[in-house]
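Dear colleague,

Please find below the structure that I am handing over to you. My notes on it follow directly after.

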Amino acid sequence: MVSRRQWTDWLVLAAIIIGAIVVILPFLLILVNSFKSPSDYANNGALSWPTTFYTDGIAAFWERVNFPAKLGNSILIAGLVSIFAVMVSVLNAYAIGIGRIKGRTWIIILFLVANTIPQEALLYPLYFMFKQVGLYDNIWSVIITFTVIQSAFGTYLLSSVFSTFPKEVLEAAALDGASRFQILWRVIVPISRPTISVLLVFFFIWTWNEFLIPLTFLVSNDNQTVPVAIATLQGQRLMDVTTTSASALLGLIPTLLFFLIFQRTLTRGITAGAVK
Amino acid sequence: MATLPAQLRPEGTREVRRHRTDESLLPGARSRGFWLYLIPGLVLFTVIILVPFVWNVYLSFTSYRGIKPPEWIGLDNWVKLLGDEKFWISFQNSIAMIVAMVVVPTLLGLVLAAILFDVVGKKFGGRVASFLRATYYLPQILPIAVAAVVIGWILRADDGALNQVLEAVGLGSLSHNWLGSPDTALLSIMVVMVWVQLGYPVVIFMAALQRVDPELYEAASLDGANWWQRFSSITVAIIRPEIFVVTLTCTIAALKVFGPVYTLTRGGPGTSTIVPSYYSYSEFFQSQQVGYGATIATALTIIVVVLTIGFIQAQNWVERKEREI
């Protein structure tokens with residue numbers, strides 16, 4: 001179905017490709033310079049190929065921040081949040097979308113408002129509360145907080161999906177004598193799996209990328225997440241130029257991996273989320 | 001004959017009964033029984049969002065330094081806020097963030113999406129188009145703080161890549177302490193945000209363009225419309241819902257920007273890159289002026305909520321007008 005190309009089409013394509021190169025140039029610069037020694041960088045600049053394959057910068061950063069521990073924290077926090085937030089969203093949406101409880105419109109508006117208010121407006125009271133109950137500087141403070149914040153969005157999305165659930169299926173399940181919980185767990189959840197998996201992936205990545213709340217609640221080195229560890233070390237400006245580059249490289253590798261693994265789910269989700 | 005009123009149908013009575021408001025979608029189950037499922041969600045919501053939110057509003061009427069209990073001072077913080085030059089500068093900078101995260105990405109994204117869909121997709125094949133789309137989307141997946149580190153690295157003062165490139169091409173006089181000078185620091189952060197945001201409208205708009213009926217385009221071409229005329233009067237009109245969603249969500253995000261400012265400049269030099277969220281954070285945890293920090297955070301919330309309501313009203317108004325025509 002490719003129609004005839006004119007020279008203007010080639011011109012347009014060239015412009016789009018140049019734009020795309022500008023967009024990925026920072027990634028390439030980071031990749032190349034993470035494998036240079038500081039003296040190589042000083043002598044040959046940022047644009048040259050590394051003269052030797054130098055991995056001390058990456059190793060230095062890896063050990064300095066104890067990167068595996070940060071990765072573990074981020075995976076644990078983002079993973080648990082996405083599971084808990086989906087569970088809470090499913091329960092809420094069952095009551096709102098299937099149960100059609102009274103005042104459901106207002107409850108949905110409440111959840112939506114919660115999703116738009118800035119986190120700063122909750123930050124100090126939450127900080128105070130977690131200090132009181134001994135969860136300050138504990139990853140559970142972040143897990144609980146984001147379970148609620150993400151499930152506010154999940155409730156909104158799943159409620160509208162559940163409210164159009166095929167009635168015949170529900171009727172058949174009820175005739176078979178399934179209890180209310182069995183209908184949710186064995187009928188509605190399996191059939192809604194595409195939407196639920198999109199939510200799982202999104203909650204994971206959103207939580208992984210969060211900054212303000214982990215920065216405030218997780219102060220000790222051992223509890224930090226990957227983005228917080230990289231950003232705070234950058235702020236101290238103690239690292240040489242190629243180690244800084246290596247830190248950025250290590251920060252972007254996990255998200256690049258998620259992107260490659262979940263690419264299809266992501267594009268499905270992004271486009272579904274915009275129209276609703 | 002699906003439009004017949006329910007009463008006229010033989011099973012009309014059952015239809016009406018089914019739509020009673022206190023009944024769930026499950027046959028024979030009252031909706032009251034479903035409250036049980038909402039309890040965990042509502043309890044969590046109350047503890048983590050509702051209570052802290054109300055508490056924060058209360059703190060904005062107090063003098064509180066985090067140690068002694070808050071002391072009620074009425075509207076003092078709010079009066080101070082209205083006369084606080086730093087606060088107004090932080091909002092001016094928010095407008096710069098809206099330019100960088102909403103205006104530029106939406107306009108550029110519209111043109112890019114239309115070209116990718118219309119020219120690249122149709123003349124060079126869908127695979128080329130989706131590969132280029134993925135490239136433009138790539139910065140979107142980065143944690144915003146990591147994206148800031150990446151660009152901050154390129155903009156380093158003495159040995160950064162950008163300054164080196166400028167020197168290499170003989171423009172060494174243009175090299176600059178990009179993040180450390182008041183005249184370019186805000187601009188540098190804006191560049192980070194454009195880079196990060198651009199992919200989002202491109203992906204959304206390309207998906208929306210699939211709704212555009214090709215026959216409309218052909219008809220317009222036959223009438224002598226050029227590419228730009230078709231783009232502005234057909235494409236933009238049809239994907240307007242997506243344009244609304246993108247501008248609304250990105251405007252909210254722009255007002256909340258925190259990570260790049262914290263990572264790259266901490267609001268400086270001076271107040272040249274301060275934004276409301278960073279200002280309230282520094283009042284909370286650096287100046288220990290918790291009451292005043294809460295006031296800034298509450299003011300930001302009011303602006304976000306008012307803006308959201310205004311946006312939705314505007315969208316409804318436009319849709320109503322459309323239907324009248």
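Predicted model: local features only at pLDDT ≥ 70, side-chain atom pairs only at ≥ 80, totals over all residues.

I begin with the overall form of chain B. Its secondary structure amounts to 15 helices and two strands. Along the principal axes, the C-alpha atoms of chain B occupy a box of roughly 80 × 65 × 35 Å. The radius of gyration of chain B is 26 Å, whereas a compact globule of 325 residues would have a value near 20 Å. Of the contacts in chain B with a separation of 6 or more, 67% join residues 24 or more positions apart.

Chain B is split into two domains: domain 1 covers 20-79 and domain 2 covers 83-324. Their C-alpha centres are 32 Å apart. To the contact between them, domain 1 of chain B contributes 13 residues and domain 2 of chain B contributes 10 residues. On the domain 1 side, the elements of chain B that supply two or more residues are α2 (35-59), β1 (62-63) and α3 (76-82). By class, the residues on that side of domain 1 are six nonpolar, six polar and one charged.

The two chains also meet. Their contact draws 76 residues from chain A and 78 residues from chain B. On the chain A side, helix α13 (residues 241-275) of chain A provides the largest share, with 14 residues. The side of chain A that touches chain B comprises 49 nonpolar, 19 polar and eight charged residues.

Turning to the interior, 41% of the 325 residues of chain B count as buried. Helix α9 (residues 199-209) of chain B is largely enclosed by the rest of the structure, because 10 of its 11 residues are buried. Among these buried residues are Tyr200(B), Val202(B), Ile204(B) and Phe205(B).

The largest nonpolar core has 157 residues. Those with the most contacts inside this core are Tyr94(A), Ala113(B), Leu116(B), Val146(B), Ala147(B), Val149(B) and Val202(B). Domain 1 (20-79) and domain 2 (83-324) of chain B both give residues to the core, so it lies between them. Val202(B), named here, is also one of the buried residues of α9(B). For Val146(B), neighbours within four places in sequence aside, the contacts are Pro227(A), Ile230(A), Ala248(A), Gly251(A) and Leu252(A).

With kind regards

How values were computed. Residues numbered from 1 in each chain as written. Chains lettered and ligands numbered in written order. Domains from an automatic or database assignment. Contact = placed C-beta atoms within 7 Å. Helix = DSSP H or I, 4+ residues; strand = E, 2+ residues; numbered from the N terminus. Nonpolar A, V, L, I, M, F, W, Y, C, P; charged D, E, K, R; others polar. Rg over C-alpha atoms; globule rule 2.2 N^0.38 Å. Buried ≥ 20, exposed ≤ 12 C-beta atoms within 10 Å, placed from the backbone. Core = buried A, V, L, I, M, F, W, Y, C linked by C-beta atoms within 7 Å.
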